[in-house]
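Please read it alongside the sequence and the coordinates.

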Amino acid sequence: MSGETKNGTPTPPGQNRAGRGPQVECAEFEALLSDALDGEGQLSPARRDSFEAHRRICAVCGPLFADAQAGRQWLRSLEAVEPPANLVHNILAATSGVVSTRPLAATRDGSAAPIGERAREWWDSFSASFFTPVAAFVRQPRFVMSFGMIFFSFSLALSAAGVKPKDVAKVSLRPAAIRHAYNDAQIRVVKYYDNIRFVYEIESKLRELKRANTPAEPGPAEQKENRKNNTSGQPDQRQDRNYSQEYNQPVLAALRAGAPITPVLGDGVGDAAPAVTVALTATTNRRFV
Amino acid sequence: MEEAQVVGLLVRRCVGGDAAAWEEIVQRCHRRIYNVCYRFAGDSENAQDLTQEVFIKMYRTLNTYDSGKGAFMTWVTAITRNLLVDHFRKSKGDRITDSLDSAPSEHEDAQPLSERIADRGLPPDAAVQSRETREMVHLALQKLSPELREAVILRDLQDMDYREIATALRVPEGTVKSRINRGRAELARLLQRTYRQVI
């Protein structure tokens with residue numbers, strides 16, 4: 001209908017022909033509403049007249065205009081809020097990692113700057129590109145925890161070993177002193193290891209097992225013979241063990257009538273008069289160093 | 001030197017690894033971004049988190065900024081808006097307000113809202129002076145749908161023009177105008193209801 005708007009609002013007769021330009025309808029009214037309120041669209045006087053005419057007569061667009069105008073006023077009454085003081089600091093820490101707050105000359109031309117300023121800028125740039133990733137990695141909680149655990153472990157181990165910070169300062173770095181310290185430390189470690197009861201017991205058991213499994217060795221005479229025939233040039237092996245085994249052999253001694261009993265050591269095997277058998281067992285005493 | 005040139009120079013220096021240029025960009029933009037986030041999210045704590053997220057994303061994507069496609073501030077606003085919408089979806093706080101197309105309630109008459117408020121002794125000019133009223137407006141703003149809210153924030157609080165808003169929101173300019181009108185009117189209706197309850 002030419003005499004009604006889209007919403008059915010009757011148009012006053014003759015209004016469209018009164019020289020105010022084309023009639024504004026509801027859809028167009030909404031499109032012009034923001035321009036009319038904000039003044040951005042630069043409505044022509046004729047257009048504004050048509051707009052105002054529609055606002056006055058339309059039951060929908062009139063309230064819409066009033067609401068939009070009131071809402072705009074309220075919104076523009078809101079003031080800008082001040083950000084928290086630490087916001088910039090937090091942003092820089094979360095992004096570049098550089099938290100300096102020195103004043104900047106953003107518009108300065110870099111080529112005209114003095115050498116000192118340029119050097120400082122270059123250093124800032126270099127430190128930002130090099131140190132920042134390192135600093136960001138170091139600040140990771142995982143890295144901090146790992147570093148703490150390593151430090152704690154080292155401290156514990158050093159204190160258990162008896163190392164004191166004061167001793168470190170007295171350490172001589174001459175080669176002879178270092179060699180001497182190395183030998184001392186080696187001796188201490190060997191002594192400590194050998195004196196462990198558990199190690200000692202294990203070694204004894206092994207020795208006994210070997211002894212039990214070793215076949216009877218030839219007599220000393222044969223050994224002497226073997227030694228003479230040995231042309232390999234190798235030194236006698238396991239001499240100490242043979243030494244103890246020699247004295248582990250039962251010794252048979254002959255006891256004449258009326259003679260005092262005298263223990264015989266060494267080669268008593270040849271004297272075969274088995275009246276009394278004296279078994280002497282020579283034991284080796286472990287030498288503790 | 002114009003503002004756009006200054007910002008362009010800062011961006012180039014920052015992309016080249018100049019930490020001081022980045023700090024300058026942060027100093028220039030943080031207030032504006034924080035205000036957008038605060039008005040959209042509604043509280044300071046969320047606004048701080050969102051502002052930091054905006055700058056983190058900006059820092060990572062600064063080399064993708066093309067000055068030929070638009071102003072730096074429009075680019076920043078687009079990033080902000082995208083993050084705000086993401087945050088809004090995650091928080092599931094979506095609250096769609098009543099459409100202005102719905103029929104007016106029986107309590108409303110055809111009288112313009114400004115006149116109705118004036119009748120109740122609360123002229124907008126006087127009401128907006130008080131802190132309580134500003135807080136009420138801020139709360140009412142949170143009740144708008146995200147589309148309407150972002151449009152009125154960018155227009156009435158950040159003074160962006162329609163074209164910039166359309167670029168930032170990636171919608172046609174006509175849609176921007178429609179959303180601004182509906183957002184303003186919806187806000188007025190919400191405040192009108194609030195005043196009725198108070199009175």
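The model is predicted: local features need pLDDT of at least 70 and side-chain atom pairs count only at pLDDT 80 or more, while totals for chains, interfaces and linings use all residues. Residues are numbered from 1 along each chain as its sequence is written, and chains are lettered from A and ligands numbered from 1 in the order in which they are written.

**Loop residues with positive phi**

- R170(B) is not a glycine, yet its phi is positive, at about 60°.
- This residue, R170(B), sits in the loop between helix 9 and helix 10 of chain B; helices (H or I, at least four residues) and strands (E, at least two) are DSSP runs, numbered from the N terminus.
- Most residues other than glycine have a negative phi.
- D159(B), also not a glycine, has a positive phi of about 55°.
- The loop between helix 8 and helix 9 of chain B holds D159(B).
- D159(B) is exposed, with 10 other C-beta atoms within 10 Å.

**Chain B overall**

- Chain B has 10 helices and zero strands, in the order α-α-α-α-α-α-α-α-α-α along the sequence.
- Of its 199 residues, 41% count as buried.
- Of the contacts in chain B with a separation of 6 or more, 68% are between residues 24 or more positions apart; two residues are in contact if their C-beta atoms, placed from the backbone, lie within 7 Å.

**Helix 8 of chain B**

- Helix 8 of chain B has 12 residues and spans 15 Å from its first C-alpha to its last, close to the 16 Å expected at 1.5 Å a residue; the expected span is 1.5 Å times one less than the number of residues.
- Helix 8 of chain B is largely enclosed by the rest of the structure, because 10 of its 12 residues are buried.
- The buried residues of helix 8 of chain B include L148(B), A151(B), V152(B), I153(B) and L154(B), and among them are also the residues R149(B), E150(B), R155(B) and D156(B).
- D159(B), with its positive phi near 55°, follows helix 8 of chain B.

**Helix 4 against helix 9 in chain B**

- The axes of helix 4 (residues 72-91) of chain B and helix 9 (residues 162-169) of chain B come within 8 Å and cross at roughly 45°; axes are lines fitted to C-alpha atoms, for helices over the stretch in contact, and angles run from 0 to 180 degrees between N-to-C directions.
- That angle makes helix 4 of chain B oblique to helix 9 of chain B; angles under 35 degrees count as roughly parallel, over 145 as roughly antiparallel, 65 to 115 as roughly perpendicular and the rest as oblique.
- The crossing of helix 4 and helix 9 of chain B is right-handed; a crossing is right-handed if the near helix is turned clockwise from the far one by less than a right angle, and left-handed if anticlockwise.
- From helix 4 of chain B, T74(B), T77(B), A78(B) and R81(B) meet E164(B), T167(B), A168(B) and L169(B) of helix 9 of chain B.
- By class, this contact of helix 4 with helix 9 of chain B has three nonpolar, three polar and two charged residues; Ala, Val, Leu, Ile, Met, Phe, Trp, Tyr, Cys and Pro count as nonpolar, Asp, Glu, Lys and Arg as charged, and the others, Gly among them, as polar.

**Chain A**

- Chain A comes to 11 helices and zero strands.
- Buried residues make up 12% of the 289 residues in chain A.
- Among contacts in chain A between residues at least 6 apart in sequence, 50% join residues at least 24 apart.
- Helix 1 (residues 26-38) and helix 3 (residues 61-77) of chain A pack at about 25°, with their axes 11 Å apart.
- C26(A), F29(A), L33(A) and L37(A) of helix 1 of chain A meet C61(A), F65(A), A68(A), Q69(A) and R72(A) of helix 3 of chain A.
- The residues of that contact between helix 1 and helix 3 of chain A are seven nonpolar, one polar and one charged.

**Contact between the chains**

- The contact takes 50 residues from chain B and 43 residues from chain A.
- Helix 2 of chain B gives the most to the side of chain B that touches chain A, with 12 residues.
- By class, the side of chain B that touches chain A has 28 nonpolar, 12 polar and 10 charged residues.

Terms used: A residue is buried if 20 or more other C-beta atoms lie within 10 Å of its own, exposed if 12 or fewer, and partly exposed in between; C-beta atoms are placed from the backbone.
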